[in-house]
Amino acid sequence: DAALLAVPVGDAGLMIDRTSYLENGRVAEFTQSLYRGDAYNFVAELRLSKE
């Protein structure tokens, strides 16, 4: 993977697995992506439900 991304072995990367589902629960699509760690910023927002 490092060679394909043109980065040194051991550099950070961003891997995203995404699964899309149909209304009946069947998987419609699965993707797995690997990005250079120096090309992206990752931001996650966490929210607590008020239940």
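I worked on a predicted model, in which local features need pLDDT of at least 70, side-chain atom pairs count only at pLDDT 80 or more, and totals for chains, interfaces and linings use all residues. I kept to residues numbered from 1 along each chain as its sequence is written, and to side-chain values from heavy atoms, with hydrogens and water left out.

I then searched the whole structure for aromatic pairs and noted one.

Strands β1 and β2 run antiparallel and are joined by nine bridges; strands pair if DSSP finds at least two bridges between them, and strands (E, at least two residues) and helices (H or I, at least four) are DSSP runs numbered from the N terminus. Five residues stand between the two strands of this hairpin, in which I noted a positive phi near 95 degrees at Gly25.

**Salt bridges.** Which residue forms a salt bridge with Glu29? I found Arg18, with the closest N and O atoms 3.6 Å apart, and the pair links distant parts of the chain, Glu29 in β2 (residues 27–36) and Arg18 in β1 (residues 13–21), 11 residues apart. The criterion is a side-chain nitrogen of Lys or Arg within 4 Å of a carboxyl oxygen of Asp or Glu. Glu29 is partly exposed at 35%, as is Arg18 at 44%.

The structure holds three salt bridges, among them that of Asp38 with Arg36 at 2.7 Å, N to O. Here I recorded Asp38 as exposed at 58% relative accessibility and Arg36 as partly exposed at 29%. Glu45 and Arg47 meet at 3.0 Å, N to O, and both are exposed.

**Record.** I checked UniProt, whose unreviewed entry lists residues 1–40 as "domain: UbiC transcription regulator-associated"; such annotations may be inferred rather than shown by experiment. In the model, this span is 10% helix and 48% strand, and its end C-alpha atoms lie 17 Å apart.

Notes. Buried means under 20% relative accessible area, exposed over 50%, partly exposed in between (1.4 Å probe, protein chains only). Rings of Phe, Tyr and Trp (its six-membered ring) pair if their centres lie within 6.5 Å; planes under 30 degrees apart count as stacked, over 60 as edge-to-face and the rest as tilted.
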